[in-house]
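Please look over the model shown here before reading the report.

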Amino acid sequence: MPEVCEGIHRARHVVLDGGRVMENAWLHVEGGRILDVGRGRIPSGLAVTDHGERGLFPCFVNAHTHLELSTLGLVDAEGGFEKWVQRLMEARSGFGPEELILGVREALFAMKAGGTMALGDVTTLGLSEEAIYGSGLGGIVFHESVGNHRQEVLPRKSSEKKPGFSLAGHGPHSTAPGLLLELKHKASACGLPFSIHLAESAGERAFIRGDNPVWASFLDQRGVDHGDWPLPAGSPVRYADTLGILDPATLCVHLVHADIKDIRILADQGCAVCLCPRSNMYLHGMLPDLGTMVAEGIRPCLGTDSPASTPSLSMAHELAFAAGRWAWLDPAFLFNMASLHGAEALGIDMDYGSLTPGKRACFLVAEAGGHHPVADFVALPEIVEVYG
Ligand SMILES: [Zn+2]
């Protein structure tokens, strides 16, 4: 993958973001950042890279992954989500740290080649942090706490081409409520986002409603005392809201089982939302209610989730899948789900998410010969080169 060439990059289309397309336009890159964008006549005295009839697009932001599961590959989901979780944990225990870290490195290489230059990665074992830190990708590495086990990690903001570090709770049904609140407060105190899987599975919803003895005994077996958790509650989202962990800096992932009341709460609290449609179909056979989310003013982003529940970490494939399933959605909005919305959700939109002066010069060169470059791109991105 080429480091970005300084000077002018000209193309038939420059897509600043999903809703702003400039024809016969150029980017002026200096010091690895976008200095200016313009149309028509190119400023004189600068090196010019002409991309011809192709288009320049912002790089992808994959807002939800678990790269330390990459070595496992796709885990069989036959028999339901709980069975998948059990198989996942068994499979993971069969690999040593070096093998899992090798999987992280290979995944990062594939992600960059596929046009993803920033990510939100969730680590439970702490094995992805170092590889991501040296990868050149930006974003946030979330250290995830499960049960009552606290991750003793200090949140830290991102810097030039380096990710930031923050905190995550696994879910409302798996992480103690007091710990969720503590993690949220620590992340907020550092001005960083907090991430949580929310309303992902039917089993999670049933447990929160006080009707999942199988999950309750699973927690018991693992030594997680849930006797004093404030349950039952109406739904995972209502429970999280009652705990006080929902606000614009909370990234709520999945929401497959969020109903209209839940979605209104998320909208009222201004929460960031990440959807992983291919993973949701693989594990749960259904998708979240994106129509209600959009109607309520939520701007979801996209993530692939881990390779244990999706065939690839390709955001191009995730976007094309989303475009096929949600064909009614404005292509500009869909495109932003894979870039700008993710950057906003992770709090890195000062550097990523659009081709705007001041931001990092991370861009894709893709086929865009038609009159509707964004609609063509979301249907089937044909990426030729990645700069960043
Ligand atoms: Zn996840």
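The report below covers the basis of the model, the metal site, the sheet and some backbone details.

## Basis

This is a predicted model, in which local features need pLDDT of at least 70 and side-chain atom pairs count only at pLDDT 80 or more, while totals for chains, interfaces and linings use all residues. Residues are numbered from 1 along each chain as its sequence is written, and side-chain values use heavy atoms, with hydrogens and water left out.

## Zinc site

Three protein donors lie 2.0 to 2.1 Å from the zinc ion: His 64 (NE2), His 66 (NE2) and His 197 (NE2). Donors here are N, O and S atoms within 2.8 Å of the metal (3.2 Å for Na, K and Ca); water is not among the atoms, so sites may look incomplete. The donor residues follow the spacing H-x1-H-x130-H in sequence. His 66 is in the loop between strand 6 (60–65) and helix 1 (81–93), whereas His 197 is in strand 10 (residues 194–198), so this pair ties together parts that are 131 residues apart in sequence. Helices (H or I, at least four residues) and strands (E, at least two) are DSSP runs, numbered from the N terminus.

His 66 counts as buried at 10% relative accessibility, and His 197 counts as buried at 6%. Buried means under 20% relative accessible area, exposed over 50%, and partly exposed in between (1.4 Å probe, protein chains only).

## Annotated span and sheet

An unreviewed UniProt entry annotates residues 56–381 as "domain: Amidohydrolase-related"; UniProt positions are given in the numbering used here, feature names are shortened, and annotations may be inferred rather than shown by experiment. Residues 56–381 are 39% helix and 16% strand, and the end C-alpha atoms of the span lie 12 Å apart.

Eight strands form an open sheet with parallel pairing, in the order 6-7-8-9-10-11-12-13. Strand 6 and strand 13 (301–302) are at the edges with a single partner strand each, so one side of each has no neighbour in the sheet. Two strands pair if DSSP finds at least two bridges between them. Strand 9 (residues 164–169) pairs with strand 10 in the parallel sense over three bridges; Ala 168 has Ser 195 in strand 10 as its bridge partner.

## Backbone details

The Leu 231 to Pro 232 peptide bond is cis, with omega near 5°. Pro 232 is in the loop between helix 6 (213–221) and helix 7 (236–243).

Asn 24, in strand 2 (residues 20–30), has a positive phi near 45° and is partly exposed, with a relative accessible area of 37%. Leu 255 has a positive phi near 55° and lies in the loop between strand 11 (250–254) and helix 8 (260–269). Leu 255 is buried, at a relative accessible area of 0%.
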